[in-house]
Amino acid sequence: MISVVVVSPTPYKGDLATSLVCNEIIYLPLQHANYTLSSPLSAPIALKPLQALIFTSKHAPLALEYSLESTPALAFLKTLPVFVLAAKSAQTARSLGFHVVFTGKSAQAPTFAQEIQSQLPPRALFVRAKTTASNSLDHLSSLIVYENRPLILSQEYKPKPHSILIFTAPSTYHAFLANFSWEESYKAIAIGASTFKAFDPAICAYQSPKPSLEACITLAKTLSSCIKIS
């Protein structure tokens, strides 16, 4: 039987695939005083001049909520219009009380940057990870609020040959390779274009038709039904 494995920093809890966590999300401690906000990896940002926020991951609003809960700084940030890369992240941001005004159509960073170019106020803040898959938003002021850290895993967690591996971000693919050698019989599925571009060109890989975990699993099930193990 072909195994479908979701490689993600948060455990997959459904019954359509197994879960493999190779990296973890670390929310950074944020310092706030006199309406100035900073992180260990970012210079201080003056809050009052800000006119908008940009999130490209659900972890951006979650990190702000985690570090700034019940502070005037967070209350102020939640009054600003927010531009979000994808629907899942927008859903998380709204659930936390952020004012989402735009959700990207393609869920791909380069296209998203073009979509918001004419709508974005001059003083927008990109709330981001330490490392991003695209540099299309690097021209904006930014605040690093979280980072991905690879885990060190035992070889007993390595997926079996012929497994179909779903990667939810470039960082999950790199963290997987930091732990395990790549089996020639593996097939990889990328949730989006940035993840697909991170793959070694020599591996057998597919990009999901839609940037969602559900679409990735559907594609994996279709592929598994076509695979014959000799």
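**Entry 1: the salt-bridge network**

Which residues are linked with Lys-130 in a network of salt bridges? I looked this up before anything else, keeping in mind that I am working on a predicted model. The network links Lys-130 with Glu-147 and Arg-149. For the Glu-147 and Lys-130 pair I get 4.0 Å between the closest N and O atoms. Glu-147 sits in strand β11 (residues 141-150) and Lys-130 in the loop between β10 (124-129) and β11, so this bridge ties together parts that are 17 residues apart in sequence.

I checked how covered the two partners are. Glu-147 is buried, at 11% relative accessible area. Lys-130 comes out partly exposed, at 43%.

**Entry 2: the other bridges I followed up**

My search of the whole structure turned up five salt bridges. One of them joins Glu-65 to Lys-78, with the closest N and O atoms 2.8 Å apart. Glu-65 belongs to helix α1 (residues 59-68), and Lys-78 to the loop between α2 (72-77) and β8 (81-84), so parts 13 residues apart in sequence are tied together by this pair.

Then I went to Lys-88 and Glu-214, whose side chains meet at 3.8 Å, N to O. Lys-88 is in helix α3 (residues 87-95) and Glu-214 in helix α7 (residues 213-226), so here the parts tied together are 126 residues apart in sequence. I noted Lys-88 as exposed, with a relative accessible area of 52%. Glu-214 is partly exposed at 46%.

**Entry 3: the cores**

Where do the nonpolar side chains gather? As a reminder to myself, nonpolar side chains in soluble globular proteins tend to be buried together. In this model the largest nonpolar core has 29 residues. Those with the most contacts inside this core are Leu-53, Phe-55, Leu-64, Leu-77, Phe-98, Val-127 and Val-145. I then asked which elements supply this core, and found that β7 (52-55), α1, α2, β8, α3, β10 and β11 each give at least two residues.

Leaving aside neighbours within four places in sequence, Leu-53 is in contact with Leu-77, Leu-80, Pro-81, Val-82, Phe-83, Phe-98, Leu-125 and Val-127. There is also a second, separate core of 16 residues, and Phe-167, Ala-175, Ala-190 and Phe-199 are among its members.

**Entry 4: Thr-92**

Back in helix α3, I stopped at Thr-92. Is Thr-92 buried or exposed? Thr-92 is buried, with a relative accessible area of 17%; the cut-off for buried is under 20%. Beyond four places in sequence, its contacts are Lys-58, Pro-61 and Leu-62.

**Entry 5: helix α7**

I came back to α7, the helix that holds Glu-214. This helix has 14 residues and reaches 20 Å from its first C-alpha to its last, close to the 20 Å expected at 1.5 Å a residue. Which residues of α7 are buried? I listed Ala-215, Cys-216, Ile-217, Leu-219, Ala-220, Leu-223 and Ser-224. The general rule is that an α-helix has 3.6 residues a turn, so residues three or four places apart point the same way. I also looked up what covers the buried residues of α7, and the list includes β1 (4-7), β12 (164-167), β13 (187-190) and β14 (204-207).

**Entry 6: two positive phi values**

Asn-34 has a phi near 50 degrees, which is positive in a residue other than glycine. Tyr-35 is not a glycine either, and has a positive phi of about 55 degrees. I find Asn-34 in the loop between β4 (31-33) and β5 (36-39), and Tyr-35 is in the loop between β4 and β5 too. Asn-34 is exposed at 76% relative accessible area. Tyr-35 counts as partly exposed, at 36%.

**Entry 7: the whole chain**

Last, I took the overall numbers. The chain has seven helices and 14 strands. A compact globule of 230 residues would have a radius of gyration near 17 Å, and the 19 Å of this chain agrees. Along the principal axes, the C-alpha atoms fill a box of roughly 65 × 35 × 30 Å.

I get 49% of the 230 residues as buried. Of the contacts with a separation of 6 or more, 57% are between residues 24 or more positions apart. The accessible surface comes to about 11,700 Å², and 54% of that belongs to carbon and sulfur atoms.

Notes
Residues are numbered from 1 along each chain as its sequence is written. This is a predicted model: local features need pLDDT of at least 70, side-chain atom pairs count only at pLDDT 80 or more; totals for chains, interfaces and linings use all residues. Side-chain values use heavy atoms; hydrogens and water are left out. Helices (H or I, at least four residues) and strands (E, at least two) are DSSP runs, numbered from the N terminus. Buried means under 20% relative accessible area, exposed over 50%, partly exposed in between (1.4 Å probe, protein chains only). A nonpolar core is a set of buried Ala, Val, Leu, Ile, Met, Phe, Trp, Tyr and Cys residues joined through side-chain atoms within 4.5 Å. Contact means heavy atoms within 4.5 Å. The radius of gyration is taken over C-alpha atoms; the globule rule is 2.2 Å times the number of residues to the power 0.38. Accessible areas come from the Shrake-Rupley method with a 1.4 Å probe; for residues, only the protein chains shown count as cover. The expected span of a helix is 1.5 Å times one less than its number of residues.
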